[in-house]
Amino acid sequence: MTGVLQGRIAIVTGAARGLGRACAEALAAEGARVVVADILEDQVKKTAAEIGNGSLGVRCDVSVPADIQALFDQVEREAGTAAILVNNAGIAISSDFLSTSLEDFRKVIDINLIGTFMATQRAAKAMVAKGIKGSIVNMSSINAVVAIPAIASYCASKGGVSQLTKAAALALAPHGIRVNAVGPGSIMTDMLKGVNESPGAMKMVLSRTPAGRIGEPREIGDVVAFLASDRSSYITGETIYVDGGRLALNYTV
C-alpha cells in the first residue's frame, strides 16, 4: 500500500467504531500504520485486524493519565514515534440542564477536553524530541459554536477543544507541528441512526441542513486524512466544519 502518509504512524483515539474508525480507515488508505485506541478492549483488536496495514489495537481510557502514557509508551516500543494523532474519543451525556450532576459534567469534560489535552501534550513532546514535524487533529463539533441545552457539558467540552486547538497550534508552530480540528455536523453514526428511525426527528435534522442529507463517517475521515497530510501544510489552528452548511444557516421559512 502506498499513499501520502506512507511510513507514518498514526494514533486515533475512540477508533473502535463510528467516526474514529472512519478516520483510522482513511489514514490507513493513505498508507499510515494506524494505532486503534479505544476503551472497548475486545473491539479494538478486531477493528485493527480489519483495517490491516500493520494496525495495532490498544485499550486506552483517555480520561486516565496513566492509560495515555501507557498507550504512547507501547506504540513507541512496538512501532515508533507517532507523526499523527487524532483525538477523536468523546462522549455526550444528555440531561436537563437544571438536573445535570457535577459528576456527569466532569466525566464529559475529562474525556472530551482533558483527554484531548493530555494526548496532545504527550504526542507533541515525543514529536519535538524526535524532530518530527507532525500533525494533530482534534474532533470538535458544530456544538462548539451552536448549542443544545440538553448536552451543555458536551457543548462546553467541544468549545474548549476548538480553543485548545488554537492554543496548541500557536505553541507548537515553532516546532513544525500543526494542530487543527474537525467539527462534524449531523453524521450517520449509531446515535443518529436512532433518530433516523423517527421520520419527524429526521425531518427536523434535515430542515437545518442545507445540503439536504446526513453526512457519512467517511466524509469526516477524508478531511482528517487531508489535515494529517502535507497537502494541508499551511493550515494550522483551524477548525474545519463538515456540516452540510449547518452553521451558515440563519433560519428556515
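We'll go through helix packing and then salt bridges.

Mentor: Before we start, this is a predicted model, where local features need pLDDT of at least 70, side-chain atom pairs count only at pLDDT 80 or more, and totals for chains, interfaces and linings use all residues. Residues are numbered from 1 along each chain as its sequence is written, and side-chain values use heavy atoms, leaving out hydrogens and water.

Trainee: How do I describe two packed helices?
Mentor: Two packed helices are described by the angle between their axes and the distance between the axes. Helices here are DSSP runs of H or I with at least four residues, strands are E runs of at least two, and both are numbered from the N terminus. Axes are lines fitted to C-alpha atoms, for helices over the stretch in contact, with angles from 0 to 180 degrees between N-to-C directions. Take H4 (residues 102-130) and H5 (residues 152-172): their axes come within 8 Å and cross at roughly 15°. H4 and H5 are therefore roughly parallel (angles under 35 degrees).

Trainee: Which residues in H4 meet H5?
Mentor: Among them are Phe 105, Val 108, Ile 109 and Leu 113 in H4, and on the H5 side Tyr 154, Val 161 and Leu 164 are included. Contact means heavy atoms within 4.5 Å.

Trainee: What about H3 and H4?
Mentor: H3 (residues 65-78) packs on H4 at about 30°, with the axes 10 Å apart. From H3, the contact uses Pro 65, Ile 68, Gln 69, Phe 72, Asp 73 and Glu 76; from H4, Gly 115, Met 118, Ala 119, Arg 122, Ala 123 and Ala 126.

Trainee: And how do I read salt bridges?
Mentor: Side chains of opposite charge can pair when their charged atoms come close. The cut-off is a side-chain nitrogen of Lys or Arg within 4 Å of a carboxyl oxygen of Asp or Glu. A search of the whole structure finds nine.

Trainee: How far apart are the closest N and O atoms of Glu 25 and Arg 21?
Mentor: They sit 2.8 Å apart. Glu 25 and Arg 21 are four residues apart in H1 (residues 18-29), so about one helical turn separates them.

Trainee: Which parts does the pair of Glu 30 and Arg 231 tie together?
Mentor: Their closest N and O atoms are 3.8 Å apart. Glu 30 lies in the loop between H1 and strand S2 (33-38), and Arg 231 in the loop between H8 (217-228) and strand S7 (239-242), so the pair ties together parts that are 201 residues apart in sequence.

Notes. Parallel < 35°, antiparallel > 145°, perpendicular 65-115°, else oblique.
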